[in-house]
Amino acid sequence: MDGAVEWHRTLALRLTNMNVPEVVDYRDTVTLSCSYDMGAHQLNSVKWYKGNKEFYRYAPMLFPKVTTYPVDGIMIATDRPTICNQFLCSIRLTELQRRSSGEYRCEISGDAPEFKLANGTRNMTVEVLPVDGPVITGLSGSYLPNEYIAANCTSDRSSLLTRLSWVINGRTVPMEYLVQMQETSVDSDGFSLRNRTLEMRVPVDRLVQRELDNGIHIKCVATVVGVPTAEREAKAVVALRSHRSSLFGFGGTNRAAGRTNLVPGLTLNSDLDG
């Protein structure tokens, strides 16, 4: 019985894999692909749908082999040929917009007389993801132990919710030192774009512990909800002056390296790789 089942599987037409990205940036060119095992069948066609509307067909036994159909929100990239054959079909979409979001279906069919079908579906959502890292403003070049660090962190615009957090010398700043987050929004090309600002007011002598280089290492992290790869961060290093060096146990030499146009003596950079 098991042998009969295995023999039937070798004859069956089936979809073996389908790749459609879940969340993409509207500036991206995205690849949709599906691979299949034709079993004992010959490939009649591969069809791509958005919703119930077909927009691409590969039919190797016809001429022309490729036919495209106009569908709202769909623009097939033509900078290089699509790859469709007996084993897989890969296409690329460009000029994405809000209307490009939706359910995508890959459907394969075998040859006559049975015209067996197999298909798979995946959802893709087009958003505006942040390109730049967050921006830190308001920092001074150095601080005394009895002073407050007051600064703002503002995220790049995004159509998805962005969470901001502050980190000082490797430790997350507690909520009690944060001011309620502010948000501004603007509508553009069907997207509601938001950027957020989070202010912190931190007493230096409460959170800053002894560091080897006398530096206060400050970081703001912007995390896009549901898209880990879109995380961005900005970093700064400011000096801790030695007004109360006997309490903190080290001198006040400023070893913060680098340059900035914002505050003399402040090192500031943005890490786009998260």
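Here is a friendly question-and-answer walk through a predicted model of one protein chain.

User: What makes Cys 34 and Cys 106 a disulfide in this model?

Analyst: Happy to show you. The sulfur atoms of Cys 34 and Cys 106 are 2.0 Å apart, and the cut-off for a disulfide is within 2.5 Å, so the pair qualifies. Cys 34 sits in strand β3 (residues 30–37) and Cys 106 in strand β9 (residues 102–110), so the link ties together parts that are 72 residues apart in sequence.

User: Why are Cys 34 and Cys 106 called buried?

Analyst: Buried means under 20% relative accessible area. Cys 34 comes to 3% and Cys 106 to 0%, so both fall under that limit.

User: How many disulfides are there in the whole structure, and how are the cysteines paired?

Analyst: A search of the whole structure finds three. With the bonded cysteines of the chain numbered in sequence order, the pairing reads 1-4, 2-3, 5-6.

User: How do you know that Cys 84 and Cys 89 are bonded, and which hand does their link have?

Analyst: Their sulfur atoms lie 2.0 Å apart, and the limit is 2.5 Å, so this pair counts as a disulfide too. The link is right-handed, with 50° about the S-S bond. As for burial, Cys 84 has a relative accessible area of 15% and Cys 89 has 0%; the limit is under 20%, so both are buried.

User: What makes the link between Cys 153 and Cys 220 a disulfide, and is it left-handed or right-handed?

Analyst: Here the sulfur atoms are 1.9 Å apart, which again is within 2.5 Å, so the term applies. The torsion about the S-S bond is about -85°, so this disulfide is left-handed. Cys 153 belongs to strand β13 (residues 148–154) and Cys 220 to strand β18 (residues 215–224), so the bond ties together parts that are 67 residues apart in sequence. Both Cys 153 and Cys 220 are buried.

User: Where does Asn 169 lie, and why is Asn 169 called buried or exposed?

Analyst: Asn 169 lies in the loop between β14 (162–168) and β15 (171–172). Its relative accessibility is 11%, and the cut-off is under 20%, so Asn 169 counts as buried.

User: What makes the pair of Asn 169 and His 217 a polar contact?

Analyst: A polar atom of the Asn 169 side chain lies 2.7 Å from the backbone nitrogen of His 217. The distance limit for a polar contact is 3.5 Å, and 2.7 Å is within that limit.

Key. Residues numbered from 1 in each chain as written. Predicted model: local features only at pLDDT ≥ 70, side-chain atom pairs only at ≥ 80, totals over all residues. Heavy atoms only, no water. Helix = DSSP H or I, 4+ residues; strand = E, 2+ residues; numbered from the N terminus. Buried < 20%, exposed > 50% of the residue type's maximum accessible area, 1.4 Å probe, protein only. Polar contact = N/O pair within 3.5 Å; in protein donor to acceptor, adjacent residues only side chain to side chain.
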